[in-house]
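Please look through the sequence and the structure shown here, and then read the briefing that follows, which groups its points by topic.

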Amino acid sequence: MKQTGRSIVIAAALAMASASAFATPVNSVVNGGFEGPSTNGHYTYLGGQTVDGWTFSGNAGVAANNSGFNVSNATGAQAAFLQQEAEISQVFNFTKSLLSLSFDAEARGWGWGGNVIQVLVDGVALSFTGATTLLPGSNSSFTTYTSDFIALSAGTHTLRFVGIGGNGDVTSFIDNVSINAVPEPLSLSLMGLGMLALGASRRKAGKKA
């Protein structure tokens, strides 16, 4: 019985660890590459506006590759930026049960460097390998970040990228935002394994008592 319980726990852990390999984009984010609105090769602050799927607050906006705002190497022609205490948000629809979020980010290459970013869904901070804040470490290329999975009900939800701010004009760039979901059969299997593991753990604790 001990071996069976141990095997269930290991199986559940392995399944969760490999879930990201089966995750697929559900394409519910509008303008995840920030190709609109066009900046005509420059940059623009959009605080207080809702445009092309996103609501911008504070010193947030869109900048073109190699513009005066120093964004580089974004996929496509543009990326969003969060300067100091700024925010971009979007309401999206989700129809699965387990969600993760992926996006690319880089730090500003001059001035005060990168801005610490927090990503929230319905006000709850997502974790990225356990960390709930991110500071892009490169000012010459984008790094891809993928959050840990969370359980999410079907329906509409609010996604927010928040710049924490700091000294001077700290700025980070964001691109390629996508929502990922575990296919339903696998998510149900993960839930089942989790329940079996919990049951095995409780039985073990009961015997010790």
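Asp 169 forms a salt bridge with Arg 108, and their closest N and O atoms are 2.9 Å apart; a salt bridge here is a side-chain nitrogen of Lys or Arg within 4 Å of a carboxyl oxygen of Asp or Glu. This pair links distant parts of the chain, with Asp 169 in the loop between β13 and β14 (171-181) and Arg 108 in the loop between β8 (98-107) and β9 (117-121), 61 residues apart. This is a predicted model, in which local features need pLDDT of at least 70 and side-chain atom pairs count only at pLDDT 80 or more, while totals for chains, interfaces and linings use all residues. Residues are numbered from 1 along each chain as its sequence is written, and side-chain values use heavy atoms, with hydrogens and water left out.

- Arg 108 is buried, with a relative accessible area of 5%, where buried means under 20% relative accessible area, exposed means over 50%, and partly exposed lies in between (1.4 Å probe, protein chains only).
- Arg 108 also lies over the face of Phe 69, at 4.2 Å from the ring centre, and over the face of Trp 110, at 4.2 Å from the ring centre; a charge sits over a ring if NZ of Lys or CZ of Arg is within 6 Å of the ring centre and within 35 degrees of the ring normal.
- The structure holds two salt bridges, and one of them joins Glu 87 to Arg 160, with the closest N and O atoms 2.8 Å apart.
- Glu 87 belongs to strand β7 and Arg 160 to strand β13, so that distant parts of the chain, 73 residues apart, are linked by this pair.
- Arg 160 is partly exposed, with a relative accessible area of 25%.

**Strands and the sheet**

- An open sheet of six strands has the order β3-β4-β7-β13-β9-β10, with antiparallel pairing; strands (E, at least two residues) are DSSP runs numbered from the N terminus, and two of them pair if DSSP finds at least two bridges between them.
- β3 (50-51) and β10 (124-125) stand at the edges with a single partner strand each, so one side of each is left without a neighbour in the sheet.
- Strand β7 (residues 87-94) has six of its eight residues buried, so it is largely enclosed by the rest of the structure.
- β7 pairs with strand β13 (residues 155-163) in the antiparallel sense over eight bridges, and Phe 92 has His 157 in β13 as its bridge partner.
- Strand β4 (residues 54-57) is joined to β7 by three bridges, and the two run antiparallel; here Phe 56 has Ile 88 in β7 as its bridge partner.
- β9 and β10 run antiparallel and are joined by two bridges, with Ala 125 in β10 as the bridge partner of Leu 120.

**Nonpolar cores**

- The largest nonpolar core has 31 residues, of which Ile 88, Phe 103, Phe 161 and Val 177 touch the most other members; such a core is a set of buried Ala, Val, Leu, Ile, Met, Phe, Trp, Tyr and Cys residues joined through side-chain atoms within 4.5 Å.
- The elements that give two or more residues to this core are β4, β5 (60-64), β6 (78-83), β7, β8, β9, β13 and β14.
- A second, separate core of eight residues includes Ala 63, Phe 81, Phe 142 and Phe 173.

**Aromatic pairs**

- The structure holds eleven aromatic pairs, in which rings of Phe, Tyr and Trp (its six-membered ring) have centres within 6.5 Å, and planes under 30 degrees apart count as stacked, over 60 as edge-to-face and the rest as tilted.
- Tyr 43 and Tyr 45 form an edge-to-face pair, 6.4 Å centre to centre with 80° between the planes.
- Tyr 43 and Phe 69 form a tilted pair, 4.9 Å centre to centre with 40° between the planes.
- Tyr 43 lies in strand β2 and Phe 69 in the loop between β5 and β6, so the pair ties together parts that are 26 residues apart in sequence.
- Tyr 43 is partly exposed, with a relative accessible area of 39%, whereas Phe 69 counts as buried at 2% relative accessibility.

**Backbone details**

- A cis peptide bond, with omega about 0°, joins Gly 36 and Pro 37, and Pro 37 is found in the loop between β1 (24-25) and β2 (43-45).
- Thr 129, in the loop between β10 and β11 (143-146), has phi near 50°, a positive value in a residue other than glycine.

Key: Helices (H or I, at least four residues) and strands (E, at least two) are DSSP runs, numbered from the N terminus.
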